[in-house]
Amino acid sequence: MIPLVVADVGKEYIIRKVGGNAEVRRHLENLGFVAGGAATVVADVSGNVIVNIKGARIAISKEMAMKIMV
């Protein structure tokens, strides 16, 4: 497993684990980052990671992306 922040751009990954405290996990799950779901890193821009998940593009901080294991 690797954190989403170091994942290759353009490659689809399966989310294995979402870490962090309960509030962070709940926030990420509300955005669609759930174990077993697919995520593709679209770009790494200005300290944020843009991720395509469930057909939507979502920008999250690198700190949040470190908590998502693929």
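**Entry 1: the sheet**

I start with a term: two strands pair if DSSP finds at least two bridges between them. I note too that the model is a predicted one.

With that rule I looked up the sheet. I found an open sheet of four strands, in the order 1-3-4-5, with antiparallel pairing. Which strands stand at the edges? Strand 1 (12-14) and strand 5 (56-61) do. Each has a single partner strand, so one side of each is left without a neighbour in the sheet. Neighbouring strands are turned by 40 degrees against each other on average, direction ignored.

**Entry 2: the pairings, one by one**

I went through the sheet in its order. Strand 1 and strand 3 pair antiparallel over three bridges. Here Tyr 13 stands opposite Ala 39 in strand 3.

Next I took strand 3 and strand 4. They run antiparallel and five bridges join them. One pair I marked is Val 41 with its bridge partner Val 51 in strand 4.

Is Ser 46 buried or exposed? At 71% relative accessibility, it counts as exposed.

Then I moved to the loop between strand 4 and strand 5, where Lys 54 is placed. Lys 54 has a positive phi near 55 degrees, and it is a residue other than glycine. Lys 54 counts as exposed, at 67% relative accessibility.

**Entry 3: the ends of helix 1**

I checked the start of helix 1 first. A side-chain oxygen of Asn 21 reaches to within 3.1 Å of the backbone nitrogen of Glu 23. After the helix comes Gly 32. The phi of Gly 32 is positive, near 110 degrees.

**Entry 4: the core**

I turned to the inside. Nonpolar side chains tend to be buried together in soluble globular proteins. How many residues has the largest nonpolar core here? I read 20 residues. Those with the most contacts inside it are Leu 4, Ile 15, Phe 33, Val 51 and Ile 60.

Which elements give two or more residues to this core? They are helix 1 (22-31), strand 3, strand 4, strand 5 and helix 2. The largest share, three residues, comes from strand 4.

Setting aside residues up to four places away in sequence, Phe 33 touches Leu 4, Ile 15, Val 18, Leu 28, Val 51, Ile 53, Ile 58, Ile 60 and Ile 68.

Ile 53 sits in strand 4. Its relative accessible area is 2%, under the 20% cut-off, so Ile 53 is buried. Beyond four places in sequence, Ile 53 is in contact with Ile 15, Leu 31, Gly 32, Phe 33, Ala 38, Ala 39 and Ile 58. I took one distance here. The C-alpha atoms of Ile 53 and Ala 38 are separated by 6.5 Å, with the two residues 15 apart along the chain.

Val 41 has its place in strand 3. Val 41 is buried as well, at 3% relative accessible area. I listed its contacts, not counting residues up to four places away in sequence. Among them are Leu 4, Ala 7, Asp 8, Val 9, Gly 10 and Lys 11, along with Val 49, Ile 50 and Val 51. Val 41 and Asp 8 are 33 residues apart in sequence, yet 6.9 Å apart in space, C-alpha to C-alpha.

**Entry 5: the salt bridge**

I searched for salt bridges and the structure holds one. Which side chains meet in it? Those of Lys 62 and Asp 44 do, at 3.4 Å, N to O. The pair links distant parts of the chain, 18 residues apart. Lys 62 belongs to helix 2 (residues 62-65), and Asp 44 to strand 3 (residues 38-45).

I checked how open both ends are. Lys 62 is partly exposed, with a relative accessible area of 33%. Asp 44 is partly exposed too, with 42%.

Methods:
Residues are numbered from 1 along each chain as its sequence is written. This is a predicted model: local features need pLDDT of at least 70, side-chain atom pairs count only at pLDDT 80 or more; totals for chains, interfaces and linings use all residues. Side-chain values use heavy atoms; hydrogens and water are left out. Axes are lines fitted to C-alpha atoms, for helices over the stretch in contact, and angles run from 0 to 180 degrees between N-to-C directions. A salt bridge is a side-chain nitrogen of Lys or Arg within 4 Å of a carboxyl oxygen of Asp or Glu. Buried means under 20% relative accessible area, exposed over 50%, partly exposed in between (1.4 Å probe, protein chains only). A nonpolar core is a set of buried Ala, Val, Leu, Ile, Met, Phe, Trp, Tyr and Cys residues joined through side-chain atoms within 4.5 Å. Contact means heavy atoms within 4.5 Å. A polar contact is a pair of N or O atoms within 3.5 Å; within protein, one must be able to donate a hydrogen and the other to accept it, and residues adjacent in sequence count only if both atoms are side-chain atoms.
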